Amino acid sequence: SDPYPFYGRHQAGIVTPAQDRLHFVAFDVTTDKRAELVDLLQEWTAAAARLTQGKEAGSFGAVGGAPEAAPDDTGEALGLPASGLTLTIGFGPSLFDDRFGLAAKRPSALADLPKFPGEQLIPEISGGDICVQACAHDPQVAVHAIRNLARIGFGRVSVRWSQLGFGRTSSTSRAQATPRNLMGFKDGTNNLKLEDADLLRDQLWAAGQDGSAWMAGGTYMVTRKIRMMIETWDRTSLLEQEQIIGRDKGEGAPLGKKAEFDTLDFAAKGSDGRPMIAEDAHVRLAHPSFHGNAHLLRRGYNFVDGSDGLGRLDAGLFFIAYQRDPRKQFVPVQMKLAKIDPLNEYIKHVSSGLFAVPPGVRDGGDYWGRTLF
Ligand code: HEM
């Protein structure tokens, strides 16, 4: 398949049909010189424009440069196609501090997330000044891209944390089949999708009149690493699993309905007089109709980071959601889930990230974040 275009009004990797593999990285900026940060963003942009088209990170490549110099590409993607690679950059709240004189440009929508009941965040794998989401059909290609950005950034940024994801848990286009998360359920059925032009304009893309002109055409990203206690889940009855989610496991249909894309009927009652979709079912608690029509574009990935030394898989969902304003979208939805969702018995939020995702790079003379600087 053809590479995805790197240049455009919006960054790729958001409404792009979700690829199967993820390598996500958060960097801390180690220089305090604004000019060095801008240089880095320009160098990264040039590399990203090449990498996403299946080229090597630098013009000499892995073996074409001077033998005495370190190569300007690390080489492990030689011979591999672009594999649908997209690279999407975001700026965390901590970038908007005195170091770079950016405090006045911090968007109000980039307000720190509140503490959510029950979360057990690990600071070392949370936050970050800058993130890059690499998605591709081939994990080697995604890892190669992040590795080369880290290499280019040496001396100016350091890797704070990174996360691999091996299977998408969302569809972001109606042309895609809905995948499954590690709880075995179809995930991404009721998601914002590429084809929902009106909703994307209202719910996904930031506009100049939102308050930060430099963010027009951008969006906001929330990441949550959600560990699943899958061994406990696996001993839960099918009936209970389905009631917790509010959909059946095989087809993914709303309880009481037949097909995956049938509309949810929250008023429908069973013969016992109880709602078909329980009052505390996940899909009810998260549904836009109970949150002032707030939607999310979910674009998460399954992860298994080996095992935890206690006989359990270290597995779960690396949740990624894009939206126009987290204060109106992710925050109220997650607050409700954190308080009520019976899913909480089986999950634990261990890392959190929040990033302003700037508009797309227009052409070869433009660079990631230009409108901010
Ligand atoms: C829907 C699973 C965490 C927001 C769903 C669905 C499943 C699911 C199976 C139904 C299929 C679909 O419509 O996509 C999970 C699991 C989670 C998790 C296993 C944790 C490990 C979250 C979080 C949020 C969220 C943290 C946001 C704060 C939503 C929304 C929907 C949804 C908005 C669509 C509801 C609708 O409009 O019908 N989730 N989810 N989920 N989830 Fe989650």
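Predicted model: local features only at pLDDT ≥ 70, side-chain atom pairs only at ≥ 80, totals over all residues.
The mean pLDDT of the protein is 97, with 100% of its residues reaching 70 or more, and for the complex the predictor gives an ipTM of 0.99 together with a pTM of 0.98.

The ligand is surrounded by 28 residues, of which Phe185, Thr189, Asn190, Ala286 and Gln334 are the closest. Two or more residues of this shell are given by each of the elements β6 (219-228), α6 (282-285), β9 (313-323) and α7 (330-340), and the largest share, four residues, comes from α7. In composition, the shell around the ligand divides into 16 nonpolar, eight polar and four charged residues.

Helix α2, formed by residues 139-152, comprises 14 residues and reaches 20 Å from its first C-alpha to its last, which is close to the 20 Å expected at 1.5 Å a residue. The buried residues of α2 are Val141, Ala142, Val143, His144, Ala145, Ile146, Arg147, Asn148 and Leu149. Among the elements that cover these buried residues of α2 are the strands β1 (21-29), β2 (86-91), β3 (130-136) and β4 (157-165), together with helix α1 (34-51).

How values were computed: Residues numbered from 1 in each chain as written. Near = placed C-beta within 6 Å. Nonpolar A, V, L, I, M, F, W, Y, C, P; charged D, E, K, R; others polar. pLDDT = per-residue confidence, 0-100. Expected span 1.5 Å × (residues − 1). Buried ≥ 20, exposed ≤ 12 C-beta atoms within 10 Å, placed from the backbone. Contact = placed C-beta atoms within 7 Å.
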